[in-house]
Amino acid sequence: MKSQKLPRLKPIALLCMALALPWSANLVQAANLTPEEIAAVKGDGIDNSVRPGQDFNKYANGGWEKNAKIPENKSGVGLDDMLAEESDDAVARIIQKTLQAEPGTATRKIADYYQAYLNTAAIDQRGLAPIQPRLDAIGALNDKAALATYLGKNLRADVDPINNTHVYTENLFGLWVSQGFHHHSKYQGYLLQGGLGLPDREYYLANSSDMVKLRANYQDYIATVLKMANVPNADLAAKRVFDLELKIAKGHAPREDTSDMLKADNTWRKADFNKKAPGLDWNAYFSAAGLDKQTEFLIWHPTALKASANLVSSISLDTWKDYLRFHAINQRASVLPSAFFNEKFKFYSALSGTSVPEAREKYAINATNNALGEEVGKLYVAENFSPEAKESIRSMVTNLLAALSDRIQGNTWLAASTKKEALQKIKNTYVGVGYPEKWRDYSGLEVKADDAYGNAERASAFEYQRALAKFGQPIDDTEWCMNPQLVNAVNMPLQNAIDFPAAYLQSPNFDLNASIATNYGALGATIGHEISHSFDNTGAMFDAKGELRNWWTKADLARFNASAKALVAQFDQYRPFPDLAVKGQQTLGENIADLVGLMASYDAYHAAMKQKGLQPNEATDKEFFMAYAKSFRSKVRDEVLRTIVITNEHAPEQYRVQTVRNLDAWYKAFDVKPGEALYLEPKARVKVW
Ligand SMILES: [Zn+2]
């Protein structure tokens, strides 16, 4: 899960930003790195003037860091950017080949989607014509029942609060269909808050001068868009739209509540909605959304649902119509005439820290990946992920699962009952390597080579219909929520599953020709990290089936929290800026995952060498720890580093590298002595499991 405490892997700034700034996800792109820069990220990069025990990150990555340049349009540069760049290049080559495919075939849809998106001349020429039917539909709304129908008809499956941490939608609400919190065997609908143009309620409510200015700019941007859409009295209309959003924001749950499973665990019967959240005609809403057969929903944000439903009745229809006009355009600005795209970029780029947009091709690749992800993924995997690599990584996963089982088995303080549940959970874990077991079928998606806007609308409706079709079907715990060509990894607690997309399983994270120690130091530690998320403070709330249930004894939980405390203190000491320290508590779940993952991978690499009749030694230990450090190689701008420290659930990369100081073997391998900055007395080294 990519959420607060259960996310994926080692996200460098780019992924952190994509995570933290979801509203601009399609404006955030991979860096444009030159081949020399890519080689540098992958290269040795050691700084021999630094003692490993003084600063292990500086020693392992300092040589690279000194020379690394952050591209103008980027907030950072590093290993994951480089892999993302390689993946985009591979996808670009695939798309070129699909241009030759027979019209009407699934493969040809890739080419058509991409080309339609790329053809800005055609998009400009059509003006607002593609979106006009939608604007007309908004104009024709004549009462609140019609408004409820419009809102329901445009509900989309565009959120996922657990696996991908997609908790943002511009629609008033968002739907996620997944295994039930308490009924693993059936699919359930989860309803989330939405409806804001800025990323989070904080942007509407915080009092800092930056935020005040941002809000003024946002209102101006709304006015600009409405003017361009020929809405009369656009300035006044923009003010009313902003005021409505402010009211929606006040009803929203704060970010920390969104990642709290217990606060999200509210089941409402459909029959009770009109009573529990009056103001919106829920019958009309659900009927238009195609949800009338569902008898109950899980309400992730009950206060927001109530507040927003109330606003539907208390705010004038005319204001709602302007609000809908603005959001209809804002959501699709990238496939409307360039004037709209430029205005959107001008406003939102202030939030993402980039000053120039990427090449249109980059956005087109992104959009194609979003719409036809697994169709592209199928071709990506065929060219970039060998069966040998898959088999080799499978055996790493097996060794990692065994190492973690052994650690739990050998644990001296866990109650027998907790231990049994934990071992069962490991045993039940599904691990996907590279790509899903079965590919998605896109035959129901119509793609036209000359209709970028229509393609985007149809792709989003197609996703929605796919989500609805899950109701009543047998559940599938092997289903993926990420494309194989995405550089990431994910732990999905409701499925008790972990997936590693092929684009992440590339050199230097994994290389068939690299040593066992190197592969385990890099990829092995990530596999261990993801598995151990199943047992961090949030993961531990889900049992072996994937249901939300407390299976820990009180004493075990207290003990777990006590050893976690030492890790909190360790990270609290790190200061990237004189006035700002890393937040040990905020980053705890990730730091536990790093530590347990690294320890498990260390055990697993020794086991793997012995399986091959090889003997691990200090030299191979060195390789292991160096590969671990290198896998975090990244450099970000100071402003971004500050944002990460303040808001992200991951500690900055340079401190994640220092996790090694809790492993005895690291001291031996690098001859680390008392008095050196990273030295910890043996009893001060943290061991969670
Ligand atoms: Zn994580």
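**Entry 1: helix 3 and helix 27**

I started with helix 3 (residues 56-67) and helix 27 (residues 618-630), which pack at an angle of about 70°, their axes 9 Å apart. Axes here are lines fitted to C-alpha atoms, for helices over the stretch in contact, and angles run from 0 to 180 degrees between N-to-C directions. Helices (H or I, at least four residues) and strands (E, at least two) are DSSP runs, numbered from the N terminus.

A note to myself on the model: it is predicted, so local features need pLDDT of at least 70 and side-chain atom pairs count only at pLDDT 80 or more, while totals for chains, interfaces and linings use all residues. Residues are numbered from 1 along each chain as its sequence is written.

Back to the pair: helix 3 and helix 27 are therefore roughly perpendicular to each other. I looked up who touches whom: Phe56, Asn57, Ala60 and Asn61 of helix 3 meet Met626, Ala629 and Lys630 of helix 27. Contact means that the C-beta atoms of two residues, placed from the backbone, lie within 7 Å. I sorted the residues of this contact into four nonpolar, two polar and one charged. For that sorting, Ala, Val, Leu, Ile, Met, Phe, Trp, Tyr, Cys and Pro count as nonpolar, Asp, Glu, Lys and Arg as charged, and the others, Gly among them, as polar.

**Entry 2: helix 5 and helix 19**

Next I took helix 5 (residues 106-118) and helix 19 (residues 360-371), which pack at about 140° with 9 Å between their axes. That makes helix 5 and helix 19 oblique to each other. I get a right-handed crossing for helix 5 and helix 19. The handedness rule: left-handed if the near helix is turned anticlockwise from the far one by less than a right angle, right-handed if clockwise.

On the helix 5 side I find Ile110, Tyr113, Tyr114, Tyr117 and Leu118, and on the helix 19 side Arg360, Glu361, Ala364, Ala367, Thr368 and Ala371. The tally for helix 5 with helix 19 is eight nonpolar, one polar and two charged.

**Entry 3: helix 8, helix 15 and Phe286**

Helix 8 (residues 144-153) packs on helix 15 (residues 282-289) at about 35°, axes 7 Å apart. Helix 8 passes helix 15 in a right-handed crossing as well. From helix 8 I listed Ala145, Ala148, Thr149, Leu151, Gly152 and Lys153, which meet Ala284, Tyr285, Phe286, Ser287, Ala288 and Ala289 of helix 15. Those residues split into eight nonpolar, three polar and one charged.

I then zoomed in on phenylalanine 286, which sits in helix 15. Is phenylalanine 286 buried or exposed? Phenylalanine 286 is buried, because 20 other C-beta atoms lie within 10 Å. The cut-offs are 20 or more other C-beta atoms within 10 Å of a residue's own for buried, 12 or fewer for exposed, and partly exposed in between, with C-beta atoms placed from the backbone. Leaving aside neighbours within four places in sequence, I have phenylalanine 286 in contact with Gly152, Lys270, Leu291 and Asp292. I also checked leucine 151, which is 135 residues from phenylalanine 286 along the chain, with 9.4 Å between their C-alpha atoms.

**Entry 4: a few loop residues**

Proline 130 lies in the loop between helix 6 (120-126) and helix 7 (132-139). Proline 130 counts as buried, with 20 C-beta neighbours inside 10 Å. Beyond four places in sequence, proline 130 is in contact with Asp451, Tyr453 and Gly454.

Most residues other than glycine have a negative phi, and most peptide bonds are trans. I therefore noted the exceptions below.

- Serine 507 and proline 508 are joined by a cis peptide bond, omega about 5°; proline 508 is in the loop between strand 8 (497-501) and helix 24 (516-533).
- Asparagine 496 has a positive phi near 45° and is in the loop between strand 7 (490-492) and strand 8. Asparagine 496 is buried, with 25 other C-beta atoms within 10 Å.
- Aspartate 671 has a positive phi near 55° and falls in the segment after helix 30 (664-670). Aspartate 671 is exposed, with 11 other C-beta atoms within 10 Å.

**Entry 5: the whole chain**

Last, I zoomed out. I count 30 helices and nine strands in the protein chain. Buried residues make up 50% of the 689 residues. The C-alpha trace spans about 75 × 55 × 55 Å along its principal axes.

Notes: Angles under 35 degrees count as roughly parallel, over 145 as roughly antiparallel, 65 to 115 as roughly perpendicular and the rest as oblique.
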